[in-house]
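Open the model in your viewer and keep the selection panel at hand. We will go from stop to stop, and at each one you will hear what to select and what is there.

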Amino acid sequence: MRPFEYGNPSTVKQAISLLGSDWEQAAVLAGGTDLISLMKDYIDTPKRVVNIKSISALRGASEVNGGLRLGATTTFEDLFENPAPLRDFPSLRAAIDGIYSAQMRSMGTVGGDLLQRPRCWYYRNGFGLLALDSKGQSLVPHGDNRYHAIFGNAGPAYFVSPSSLAPPLVALGATLRIQGPKGERELPVAELFRIPRHTGEREHTIQPKEILTEILLPASARRLRNATYEVRERHFMDWPLATASVALRMEGRRVRQARVVLGQVAPIPWRAEGAERELAGKTLDEAVATRAGEAATVGAHPLSKNGYKVQLVRVAVKRALLAAIA
Amino acid sequence: MTKELIRLKVNGETHELAIAPNKLLLDVLREDLGLTGSKRGCDDSSCGCCTVLIDGMPMLSCVALATSYQDAEITTVEGLARDGELDPVQEAFMSWGGAQCGFCTPGFLMTTHALLEKNPDPTLDQVREALASNICRCTGYTQIYESVLAAAQKIREKRKNEIAISK
Amino acid sequence: MAEIKWPSAANRGLIGKSISRIDGPWKSSGRAKYTYDQGPAGMLYAKLVTSPYAHAKVTAIDTSRAERLPGVRAIHIFTAVGKEVNWEGHEVVGVAADTEELAEDAARLIRVEYDPQPYLVADTDAQHAGPGRFREMSPRKTGDPEQALQQADVTSEGTYGQPVITHCCHEAHGSVAEWKGDELYVWISTQNVSGLSNEYASALNIPATNVHVDCQVMGGGFGSKFAADSWGVAAAAMARKAGRPVKLMLDREVELLSAGCRPSLHAKIRVGAKRDGTLIAWDSESWGTAGMSGGGVPQLPYIIQVPNSGHRHTSIFTNIGPARAWRAPNHPQMCFLTMAALDDLAAKLNMDSLDFFLKNVGLTGERAGVYKQQMLMAADMIGWKQKWHSRGDKTPGHIKRGLGLSFHTWAGGGHMGYCRTTIHPDGSVEVATGSQDLGTGTRTVIGIVAAETLGLPLDAVRVEIGNNKYPPDGASGGSTTVGGVSSSTRTSATTALNELFAKAAPSLGTTADKLEAVGGQIRVIGDPSKSIPWKKACAKLGTTPIVAMGQRNFSLISSGVGGVQMAEVAVDIDTGIVRMEKMVAVQDCGLIIDMKTAMSQVYGACIMGTCYALYEEKIMDQQTGTCLNPNMEFYKLSGLDDIGDITVHMMTEDSYQDRGVIGLGEPPVISPGAAISNAVANAIGVRVPELPITPDRVLAALGKGGLV
C-alpha cells in the first residue's frame, strides 16, 4: 500500500475540508473492504485517506417525514440485526440478506456499497477501469467476459455495477444527500451512476470533494410492493450473477406503475423499461411476470461469453415480481 | 514513512504503538504484538482466516487499518481462553474435529463466537448462514458446524448451571 | 524376534477408535505456529518481482533504485538477463528489507525489461496450439475398438473436459531462513521435512548436515509443497547475504500463479455396449496441459478394463504456470472422463446407472468385489433405489434433482521412513520421526500406534515430528505417510518394548517373550496377577534409556484401496445453479488407526471435490497471457453453506483391516467430480460436458436439449 496521510474527522465539514480536488489527493474510507483492497493492489493510491466512520451523525437508520433515512456509514449488520426500519422494504432486506458474510456485513456500509468500484477482473488486475490494451482497445469483448455487461455495453465500458443496494434503491425512487464544499445537494440514486466514456471518468458522478451522507427513501415508497431477486452461484461472499429489483404501485392486483431495475448486468443499475411497460396496467400473475421477464431482456447485447446472463435476467425479473406479490 | 502513535486495546490489554497509517490491523496484531493466531490467507477479504472481533463484531483484519480501531475492543483467538483454560467453542472444535490443518480455525472460532454471543441456540441453518464466508480447504465443513452446535449446547448448559448455582 | 504385527481387533485399545487430534489444543488456541507465524529476532521480509508476461526474455534488470532505499538488505536474481520467463508470475528478482512494506516498496522500484515472446495459455486443442506446442504420446490399444464399436448395439459419443485448477493452499508457500554461522535453519511450509536438505545443500554449497528444517504445522499442501523451491533457496541466499533471518512467503497472487497447477484433461470419447449393458468398446482421444512440461499420460479408461479399447493422448505446452502434483495426480481427471462417458452410455441403454456399473464391475479386476459391496452400501445410504429416475427429473417446478455415482482406486502403500522410540528410566516415552503433519492427523496416528504398542495412554507418549533432526521419513505424497509412519512407529516401539521386557522379565520370574504391556502394566501373558507397573519396569533401566529404531515395515502395510461415492444434486434449470445436496462416501483404507482423522480426510475430500466440480478454474486470457482470477474472490471455492450433507462410511470388516494400514489422503478426492457431474446429468437430462459445472454451462447444455 502506498503511504498516505490519515484523517479522522468527527464532522462532515471537517471531512470535506480534508478532501482534494482529484481522486489521487484523497479517498474516503468507511468500511474499507473495497478501498483497502484496491489500495493494497495499488489500483487506488490516494495521498490522504479520510475515515468517516468516526462521524457519528452518519450512522443509523431513522424515520424522517414518513420516509426512511439511512446514514451512509450504517452497516449492513445494523440493518440485518434490526430490520425494523426496513419493514416496508423487503427489496432492501433481500439485498442485505444476500451479503453472505458476517464479516462483510459488520464492516460494509450502505454508502460503501453504492460507491464500491467494479469487480471487473481486468480492472482489478491493473488494466484500468476500461480495460484498454496498448492500442486503446478494450480487452473485454475478445477476452473472458463471463461476468461482464449485457446492457449499456456499447463500449468502452463493459464492467458491471456491483452494488447490491442500488437496484432496490433506484426502483424505490430513493435519493441521496451529498455534501461538498459548496453545501449539500440531493440527487436520485440513479444519477449517482454513469457509464464512463473515456479514461479518467469514473462510474460515479460524485466529485472528489464530496461525501455521500444519506440515503433517503420517500414516504410514498412505503406503498410500493417491492422485492429483489439475486441470482447467486454460491452462498458465499460473492457478487450475484444478475439481480432484479422491482417496485410496483398497485391497484388491487393490477399494476398501475412498475419500476424494474437490474443489477450486475450493466455498468450502471439498469432500468428495464421494456418490462415496466409490459407490466403497466396488467394484473400480475405468473404469465405476466414471465412476459415481463422476457421484455426485460429486450436490448441486451451479450458478449462472447455472457449470453447466459440474458436468461438470468429473465428469471430474476420474473422471480422478483412474483416475490413482490407473494 | 511517518509513524503515528496509536493506542490499541487487544484482548483487554492496551498497547501504545508507533505505526504507519497504512499498516493493516492484521499485521499490527501479528508483527507488532506477536499475536499470530489471526492468519493471512487470501489477503483480500475472501477467506475469513484473519477474522477478529471488534467490539464483538467479526471483522476482516486484512482489510482494516489498525489506526481506524483505536477506541475499540479487539479480541483475537488468543483472547478467548480464560486463565489458560480453553473456552467451550475451542473445546468443541478440538473434540468434534473442527480443526484439521488448523489454518482457518482461528477465523472460524471468532465468527462462531460472534454468532453464539448473539444467538446461543442457533439452528443448523443459522450456523451455516453465519459461517458462510469462512473458507476451509480440508475438514469438510461438517465437523465445523457440528463443533459449533456442540459448543452452543455446552454454553447453554454451563449458563443453566451457573443460574442454578446462583439461585 | 517374532514377526511384528498389528494387535487383533479384540486387543486394540486405541487403534481404530475415534480419537481427537493431539495437536487440537494448539490449533484451537491460536498457539500453533505455522511457517507464516515465525519471526526470529532481526527478521527481514522478502518480496518478489515477477513476470507480467506469459513468456518473455529478460533483457535488463536494474535494482539500483531499490538498493539505495534505506533498509533494503539483500537482492536475489532468480532469472538473469538473457534467460526466459515462462508464465505470468514467474519469479525474476527478490528483495529483502527491514519491513514488509519496505520490501514491497523496494520491489516496485526494481526495473525489469522484457522482450515478449509468443505464448499460449489456451488448451483448447492441439491444432490450435501450433507447431512445437504439443506432443503426441504413443497410443495404446487393446483388442479392436473400431470393430467393437461397430458391433455394439448401443454407442455413445461425447467430448468432456476439465480445466487447469490450482491447489490454493490456505497457507501460501514460503519459508523463514536463518543462518547461525554456516548452519542454515529453515522453517518451511512443506510436505517433505526430511527431504529438503540436499536441495538446500547443493544450491547453497553447504553440506546437507548443516541444513536444519522445521515444520510443526502447515496450512495445506495437497501435493504442491515437496520442494524448497526457488523462493525457498532465495530466502536462504538473501539471509546469508544480509546476515539476518529472511521471511519469504508468496503473496496470494503468486501463490495462485506459480505454486501449482493441476493439469487439464479433455477427451473425445466413444463407447459401446451390448443391449444388456455389457461394455465392449472404448475409444478416446485426449489432450490437456501441464504447463510447459508434458505431464503424465492419462490412463483411459479409468479402472474399468474395457475388452476393446484404444487411447491416444496429446500434451499441449502452455504458459499457464507449472504443474504440480495435485491430490491423486491425474486420477480425478481420468475418473471424471471415464465415469461421465460410461454414465452417458448407461443413459442411452436406458439403464439405471447403478445397475450398469454393477453389470460391468467385473471389468475392474481384483477389486470388483470391493466395488460391488461398496456400491450396494452407498446405494442404501443415499436411497438410490427409492430416488432414482431415468435421465431428466420429470417432477414439476424449476428445481430438478438427480443422482450420480463414481468409484475410484489409489495405491497408498507406505513410504520409506524411520522412527525412533526412546523409553526413559522415569517411564516417559518419546517417539520421533522426521515426518510432517499436513493436518491429516499424522502426529496423532504416531502417538496412537506408540501408545497402543506400549500399553500406555495416548498422553503418556510424546510425539516429535516436523524436524529433520529426527530419523528421516518420506515425503507426504501419494497417501504414503500413514503406512510409512505407522509401520515404522510400530516397529520401533515394539523393539524398544522387547528391550524393556528383557530388563523386567527377571523380576517377574519369566522371560521377555512371555510378557505383554497392557494398561500401563508389564505383565505375564496369561497371568495378569504377575505384573509390574510401567514406571517400575522402566526404573530398572538405571540411567540409560532404551533407544530403538524402526523402519517402514511391509508386514504392517498394504496398498490399493477402493471407494464409491454417490451425489445428489439440485439444479435450478432456470438459472443453471447447481447445489450439492448430499454425498455419501464409502471408503476402504485397510486398517484404520484413528477413525476421526480418517473420516475427516474423506469429508474434506468431498468438499475439495465439490469445489472442482462446481467452481474451480484457473481462468486465462489469451490476449494478455495472464490469469484473470489469481485471488480467492474469483478463484471460487465452496463455503460452508455451499456444501450439503456428507455421510462417510469406512470399511472396517476384518477382510479390509487385516490387510494392514493403507493411505487415505488421495482416494476420496477422485470421485466427487464424476459423481456430481453424473448427478447433474441425471437431474436435467443432458450432460454438462465440462467441469466446473457453472450456470452458463448448465444453461448451454439445457439449450441443446435436456429433461427428455
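Select α3 and α5 of chain B: their crossing is right-handed, where right-handed is said of a near helix turned clockwise from the far one by less than a right angle, and left-handed of one turned anticlockwise. Helices here are DSSP runs of H or I with at least four residues, strands are E runs of at least two, and both are numbered from the N terminus. This is a predicted model, in which local features need pLDDT of at least 70 and side-chain atom pairs count only at pLDDT 80 or more, while totals for chains, interfaces and linings use all residues. Residues are numbered from 1 along each chain as its sequence is written, and chains are lettered from A and ligands numbered from 1 in the order in which they are written.

Stay with this pair. α3(B) and α5(B) pack at an angle of about 45°, their axes 11 Å apart; axes are lines fitted to C-alpha atoms over the stretch in contact, and angles run from 0 to 180 degrees between N-to-C directions. The two helices are therefore oblique to each other (under 35 degrees counts as roughly parallel, over 145 as roughly antiparallel, 65 to 115 as roughly perpendicular and the rest as oblique).

Now show side chains. From α3(B), B:Phe108, B:Thr112 and B:Leu116 meet B:Ile144, B:Val148, B:Ala151, B:Ala152 and B:Ile155 of α5(B); contact means C-beta atoms, placed from the backbone, within 7 Å. By class, this contact has seven nonpolar residues, one polar and no charged (Ala, Val, Leu, Ile, Met, Phe, Trp, Tyr, Cys and Pro are nonpolar; Asp, Glu, Lys and Arg charged; the others, Gly among them, polar).

Next, bring in chain C. In all, 48 residues of chain B are in contact with 42 residues of chain C. On chain B, α2 (88-95), α3 (105-118), α4 (124-130) and α5 (142-166) each supply at least two residues of the side that touches chain C. That side of chain B divides into 22 nonpolar, 17 polar and nine charged residues.

Then colour chain B by domain: 4-79 is domain 1 and 88-166 is domain 2, with bounds from an automatic or database domain assignment. Their C-alpha centres lie 22 Å apart. Between them, 15 residues of domain 1 of chain B are in contact with 13 of domain 2 of chain B.

Last stop: which residue of β4(C) is the bridge partner of C:Lys57? Select C:Glu84 to find that partner.

Notes:
Two residues are in contact if their C-beta atoms, placed from the backbone, lie within 7 Å. Two strands pair if DSSP finds at least two bridges between them.
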